[in-house]
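Have a look at it first, then read on.

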Amino acid sequence: MTESTTWAGTDVAALQRQADRRHRWGRFGLYAGAILFAFLAAFPFSWALISMFKESNDLYVKENNPFWFNESPTLEHLRLLFLETNYLTFIRNTVLVGLAVTAITLAVSLPAAYALARLRLRWGERMGIAIFLVYLIPPTLLFIPMTRVITSLGLQESLLSLILVYPTITIPISSWLLMGFFKGIPMDIEEQAMVDGHSRMGAIARVVLPLMFPGIIAVVVFAFTLASHEFIYALAFNKSSAVKTIATGVPTELVRGDVFFWQSLQGAVIMIAVPIALLFNAFLDRFISGFTMGAVKG
Amino acid sequence: MPFSTTGGDRVWSAAGDPHSAIVAVVEVRDLRKEFGEVVAVDGVDLRSEEGEFLVLLGPSGCGKTTLLRMIAGLEQPTEGEIRIGGEDVSRLPPRARRIAMVFQSYALYPHMTVANNIAFPLKAQGMDPEARNEKVEWAAGLFGIEGLLQRRPRQLSGGERQRVALARALVREPTVFLLDEPLSNLDAKLRAAARDDLMEFQRRIGITTIYVTHDQVEAMGMGDRIAVMDHGRIRQLGTPEEVYHHPADVFVAQFLGSPPMNLLETPGFLFGFRPEQFLPEGVAADEGTRVPFTFHVNRIEYLGSERFLYGFIREYDETRVIAMLPATVTLPISIDQDHKFSVAKDQLRFFDYDDGAKIAPQPLMR
């Protein structure tokens with residue numbers, strides 16, 4: 001080692017080699033972790049995808065390879081799912097409830113969040129906290145009084161019951177979420193639009209809402225996901241097959257007594273899960289992206 | 001004529017002609033604004049001249065931004081009247097006041113290109129796309145930002161953002177320009193250039209401009225007149241020379257100037273002088289009309305172009321004062337010693353002992 005490669009008694013070249021080695025191991029660890037998680041995430045999908053085409057014999061014989069076909073695949077279970085259950089009705093109901101709940105949630109929580117974030121009213125702060133407290137009450141506590149309310153309104157056995165009750169869960173959370181997004185958009189931009197020739201509503205529509213897009217998407221996904229997976233209310237209010245959603249319809253009609261229609265269950269789940277996963281993926285960067293970065297201050 | 005609006009009642013003619021723009025006088029009468037218990041603006045009367053560059057200067061919290069926001073219509077006054085071009089606009093929303101405002105942050109719309117940012121006020125007016133494009137190009141040309149039209153705000157430097165904000169303000173053909181500390185986000189080097197840009201632009205357009213700042217260098221350098229504000233009131237309105245050399249009260253005297261005016265107390269009144277007027281004996285020419293003091297120097301700061309001398313005056317209860325000697329005065333000054341210093345008689349300023357207001361010169365007795 002010559003004098004020029006040491007500094008204050010330290011071997012610079014050795015330090016450099018050590019740093020390089022750490023960097024390589026760091027990269028290796030990162031990729032190994034990513035691959036592991038990708039495998040963990042994909043495994044249930046691939047297993048369900050194979051199982052849904054398996055003959056019952058193939059599935060239930062313990063000696064068979066669970067990860068591949070031991071007998072030739074069959075469409076029998078999908079036929080059962082589509083033709084002998086109300087699966088398509090469940091999907092339609094879920095979409096209807098999801099759309100209606102999303103619309104109601106946005107219509108209420110956007111103005112609420114705007115008022116809480118922007119207008120300096122005396123009760124604003126306390127209202128915000130009150131809304132947050134509502135969101136801490138678990139639905140398992142609320143479903144008994146809610147059932148009484150729905151029955152006295154005569155809304156049981158209809159999709160309207162879910163359309164009216166789900167917003168009680170989605171609105172507080174969405175208002176809270178959107179409030180944060182509104183606060184993240186500088187007041188200057190809105191006022192600038194008002195000076196530039198718009199009313200407050202015009203300024204919000206043209207300047208604030210486009211910047212709120214990630215927040216609105218988050219609310220849409222949240223409301224829609226809730227409508228498609230909520231179980232307690234959906235089970236308590238609606239018993240007849242024609243008004244069930246996926247969340248209640250699939251487990252109640254594909255598990256008859258102690259007989260599980262495993263392949264049809266797998267099929268029912270995967271046909272819902274894959275589109276939702278793709279949708280999430282498409283908007284993932286919208287959630288994350290710093291949309292207003294550099295807009296106001298350099 | 002680089003541009004004329006189609007179908008409008010007014011024509012925006014050559015950018016070089018200062019009389020082409022519609023110039024309006026801004027007037028506020030007895031304007032008050034209270035936020036709950038806090039009085040932000042406390043009865044302000046102010047009238048701009050046509051085409052004037054009027055600066056509102058004051059420390060933070062003095063009400064200058066609130067006053068500007070009331071003129072813009074972003075804040076409702078508690079009491080009082082705002083007139084633009086002779087018309088009472090107190091109850092009009094911002095969009096109806098024919099003003100343009102540039103915010104401290106520039107408030108560019110982050111989701112739009114520079115071209116769409118500039119076109120935004122025109123779209124709001126419902127101008128057709130062809131006329132709009134023509135006007136955007138004209139405004140961009142005026143500020144030398146033609147090359148940036150397809151960029152987004154986050155891809156611009158601070159100086160470029162200012163130009164985009166100004167171009168957007170200009171296309172509206174406002175009658176009044178309101179600027180809220182537009183230079184405070186820029187670094188010091190860029191600030192001088194941006195100030196130059198801004199002045200050049202205002203002179204060319206000749207539009208009445210109200211400019212809010214807490215920076216006295218900006219105020220002195222840019223303003224035709226300066227309104228010095230404190231605690232929601234205007235303490236003095238005057239040209240930079242007037243507010244610097246003839247401050248209306250102790251607040252103005254000590255707010256302007258860096259270092260501020262030295263103030264001394266004597267029975268019955270206060271008096272003061274600027275640090276640069278406080279010179280060692282033998283340096284100033286007019287010895288006969290000067291008032292002598294014994295200056296005990298504690299510390300010297302050498303700043304290249306000048307020297308700051310920190311110390312106190314023996315005759316007045318050892319009041320601390322600062323002297324500023326230009327680099328042309330090379331006389332050696334030793335520290336921890338008394339020196340003979342003096343101030344020209346006509347450079348002494350006198351203030352009332354109780355309310356701090358300017359009073360006529362008084363005889364100094366010791």
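Predicted model: local features only at pLDDT ≥ 70, side-chain atom pairs only at ≥ 80, totals over all residues.

1. Residues are numbered from 1 along each chain as its sequence is written, while chains are lettered from A and ligands numbered from 1 in the order in which they are written.

2. Start with chain B as a whole: its C-alpha trace spans about 75 × 45 × 35 Å along the principal axes. You'll find eight helices and 19 strands in chain B (DSSP runs numbered from the N terminus: helices are H or I, at least four residues; strands are E, at least two).

3. Of the 366 residues in chain B, 40% are buried (20 or more other C-beta atoms, placed from the backbone, lie within 10 Å of the residue's own).

4. Now an open sheet: four strands of chain B run in the order 2-1-4-5, with antiparallel pairing. Strand 2 (38-47) and strand 5 (87-88) of chain B are at the edges with a single partner strand each, so one side of each has no neighbour in the sheet. Pairing here takes at least two DSSP bridges between two strands.

5. Within that sheet, strand 1 (residues 26-35) of chain B pairs with strand 2 of chain B through seven bridges, in the antiparallel sense. Across from B:E27 you'll see B:R47 in strand 2 of chain B.

6. The largest nonpolar core has 140 residues, and B:I118 is among those with the most contacts inside it (such a core is a set of buried Ala, Val, Leu, Ile, Met, Phe, Trp, Tyr and Cys residues joined through C-beta atoms within 7 Å).

Technical notes: Buried ≥ 20, exposed ≤ 12 C-beta atoms within 10 Å, placed from the backbone.
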